[in-house]
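Open the model in your viewer and keep the sequence panel beside it. We will go from stop to stop, selecting a few residues each time.

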Amino acid sequence: MTPPPTPKGGVKTIPIRRQTVSIMTHSIITGTGSYIPTARIPNSHFLNREFYSADGIRLTKPNAEIIQTLQNITGIRERRYVTEDLKTSDIAFFAAKKALEGVDPESLDIIIVAQNLGDVPTDNVRVDIVPSIASRVKHKLRIQNPYVVAYDVPFGCPGWLHGMTLADCHIRSGDAKKILVIGAETLSRISDPHDIDSMIFADGAGAALVEATEKEAGILAHVTRTDAADHVYLLRMEKSYNPNHTGGELYIKMDGHDIYRYALKIVPEVVKKCLEKAGYSLVDVKKVLLHQANEKMDHAILTRLFRLYGIKDIPEGVMPMTIAHLGNSSVATLPTLLDLLYREDLEGHHVGSGDILVFASVGAGMNINAMVYKVP
């Protein structure tokens, strides 16, 4: 008997003795890569900065005190910046090459790049997203196949995780079998040097190769929400806080306290909903991978999440952290964290087959997403 053609919808029907067995297609990560910029920027780098408040008033508190306060809250001791010769598409390409080691780029179906500001050059703080960063990466990979589709996802800091959601949807629908999902950003280029929050931001890129499988593993569930009614401008682009600044550049701005309160309330709810959708409980989770935005906030989110399950004692080592030495690189933090975890470059952290990982991120929009993943 000749098997019928495979229908779309991520389900393959195989005839066996006049009965059919449906095999669900899942999405697994088969490769990871990251690019960590070479320029280390310690907190002392900001000792001679002139900081201003949002209303344009020069801050009189000594910079050493300002820096120490920020370090106590965020946990950041240093961050990484790209060198002047590199842009977002360059470091996205570096991460992509690493994730594709041993894989023919021509075999890809889709390239998704999560980014928000495009290729911002050193000498011209302007957004450049034409052509898309994904198309530039495809060009740098020298892919000739015109049916390797490349597109960008501007989704705030949760962009890479949303890219993973889109990849899973493509694979389950039968549209694709092999997708490269990259997160890359150069926040140092659009950080106001006169804003205290500029010390939080960093540069970086991370990538994951996602492939179709019939294994009972991979991406099990994802949940996404957008709270634009009341919180849309908690992260935004505005002019420099320095009233004497003459350029018309727009820099990233955020209402840190409001974001903290919002994230603390909503992120644990989204993670719990995602775990329930996947049919798991928090006690089943080996690692919680949170967007590396603020160490204090991430620990508070983790504590609130465990309390939702009535758990007071949080297992040691359940949440790997990189923010202390890498800073907040937006869409790059989660894929970079995952790459370091998979390559066992995070001391004290290891994952193996069958482990359940939960990812979560929050950022501009305001967007929040979560994903449950079972390691093959």
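Start by selecting strand 4 (residues 39–42) and strand 5, which pair in the antiparallel sense over 4 bridges. Strands here are DSSP runs of E with at least two residues, helices are runs of H or I with at least four residues, and both are numbered from the N terminus; two strands count as paired if DSSP finds at least two bridges between them. Across this pair, I41 stands opposite R79 in strand 5.

A word on what you are looking at: this is a predicted model, where local features need pLDDT of at least 70, side-chain atom pairs count only at pLDDT 80 or more, and totals for chains, interfaces and linings use all residues. Residues are numbered from 1 along each chain as its sequence is written, and side-chain values use heavy atoms, with hydrogens and water left out.

Now show the side chains of strand 5 (residues 78–81). In a regular strand the side chains alternate between the two faces of the sheet. Here E78 and R80 lie on one side, R79 and Y81 on the other, and all of them are buried (under 20% relative accessible area, with exposed over 50% and partly exposed in between; 1.4 Å probe, protein chains only).

Strand 10 and strand 15 run antiparallel and are joined by 8 bridges, and R225 stands opposite I368 in strand 15.

Which residues touch the most other members of the largest nonpolar core? Select V267, V271 and V362, out of 55 residues in that core. Such a core is a set of buried Ala, Val, Leu, Ile, Met, Phe, Trp, Tyr and Cys residues joined through side-chain atoms within 4.5 Å. Helix 6 supplies the largest share, 11 residues.

Last stop: helix 9 (residues 333–342). Because 9 of its 10 residues are buried, helix 9 is largely enclosed by the rest of the structure. Following helix 9, find E344, whose phi is positive, near 55°.
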